Amino acid sequence: MAHAGLLMACPPITGVLLAGGQGRRMGGVDKGLQELHGRPMGAWVVERLAPQVDELLINANRNAERYAEFGYRVVADQIPDFAGPLAGLHAALSAAAHPWVATAPCDSPFLPTDLVSRLASAMRAADADLAVARTFDQPHPVFCLCKRDLLPHLTAYLQSGERKFDRWYASLKTVEVPFDDVASAFENINTREELQRFDAPR
């Protein structure tokens, strides 16, 4: 549990690997299972995220058995038709054992090893509902930490037909947390070409 220094200040945290998308830009494959340096991309994310949280969940809508091999509980979207990362967060808030929930996508294998502690510190300092990572002028909504009790608010938003992450959190008390010092940690792998480039020997 890497955020031991925060234990007095913050409640326990559930982390979730968001792997429930359709991988359209990669030809419809399950991105989290595509290999990077001989291991599934999602496994690299889990390796970095799991030590930062008290519980880890994997949100996946396909290949649940493969994801279960990572050693963590797999939860599927409750909102049908691959409704995007907010549907994954909704599933995680529904299943989380802990009051705060942190998310990271399966296509960002280089995420910061102090992601959760920095989001948690900022969220607590601002007394916010949700903290979102930002590099320079670019927010990264899928790297967020939020309160589990936002579930009814998020459920109502999704039931209204909305799917945009940034539009949802704009209605909440949100703090954007700068990660300019580690901007490259938020590089994500969306296409086969990008995967080949990162998978090439260095």
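1. Let's start with R118. This arginine is partly exposed, with a relative accessible area of 22%; partly exposed is the class between buried (under 20% relative accessible area) and exposed (over 50%), worked out with a 1.4 Å probe and protein chains only. The side chain of R118 forms a salt bridge with that of D181, 2.9 Å from N to O. For the term itself, a salt bridge needs a side-chain nitrogen of Lys or Arg within 4 Å of a carboxyl oxygen of Asp or Glu. D181 counts as exposed, at 56% relative accessibility.

2. A word on what you're looking at. This is a predicted model, in which local features need pLDDT of at least 70 and side-chain atom pairs count only at pLDDT 80 or more, while totals for chains, interfaces and linings use all residues. Residues are numbered from 1 along each chain as its sequence is written, and side-chain values use heavy atoms, with hydrogens and water left out.

3. On confidence: pLDDT is the predictor's confidence in each residue, from 0 to 100. The protein chain averages 85, and 82% of the residues score at least 70. Watch residues 1–8, where pLDDT stays under 50. For that stretch the model has 14 contacts beyond four places in sequence, a contact being heavy atoms within 4.5 Å.

4. Now the overall picture. Of the 202 residues in the protein chain, 50% are buried. If you take contacts between residues at least 6 apart in sequence, 72% of them join residues at least 24 apart. The accessible surface of the protein chain is about 9,200 Å², and carbon and sulfur atoms account for 50% of that; the areas come from the Shrake-Rupley method with a 1.4 Å probe, and for residues only the protein chains shown count as cover.

5. Back to the charged pairs. The structure holds five salt bridges. One of them joins the side chains of R134 and E176, at 3.8 Å from N to O. This pair links distant parts of the chain, with R134 in strand β7 (residues 130–135) and E176 in strand β9, 42 residues apart. Both partners are partly exposed: R134 has a relative accessible area of 22%, and E176 comes in at 32%. There is also a network, in which salt bridges with shared partners join D114, R118 and D181.

6. Another of the salt bridges pairs E47 with R39, whose side chains meet at 3.2 Å, N to O. E47 counts as partly exposed at 45% relative accessibility, and R39 is partly exposed too, with a relative accessible area of 28%.

7. Which residues of helix α5 are buried? In this helix, residues 151–159, they are L154, T155, Y157 and L158. They sit on the same side of α5 because they cover an arc of only 165° around the axis, the arc being that of the directions from the helix axis to the C-beta atoms. The face turned away from that buried side carries the exposed residues P152 and Q159. Cover for the buried residues includes α3 (85–95) and α6 (165–169). After α5 comes G161, with a positive phi near 95°.

8. N59 is worth a click. It lies in strand β4 (residues 55–60) and is buried, with a relative accessible area of 3%.

9. Last stop, R73, in strand β5 (residues 73–75). R73 counts as partly exposed at 48% relative accessibility. Leaving out residues up to four places away in sequence, R73 touches L56, L57, I58 and A95. The C-alpha atoms of R73 and I58 are separated by 6.1 Å, although the two residues are 15 apart along the chain. As for A95, its backbone oxygen lies 3.5 Å from a polar atom of the R73 side chain.

Terms used: Helices (H or I, at least four residues) and strands (E, at least two) are DSSP runs, numbered from the N terminus. A polar contact is a pair of N or O atoms within 3.5 Å; within protein, one must be able to donate a hydrogen and the other to accept it, and residues adjacent in sequence count only if both atoms are side-chain atoms.
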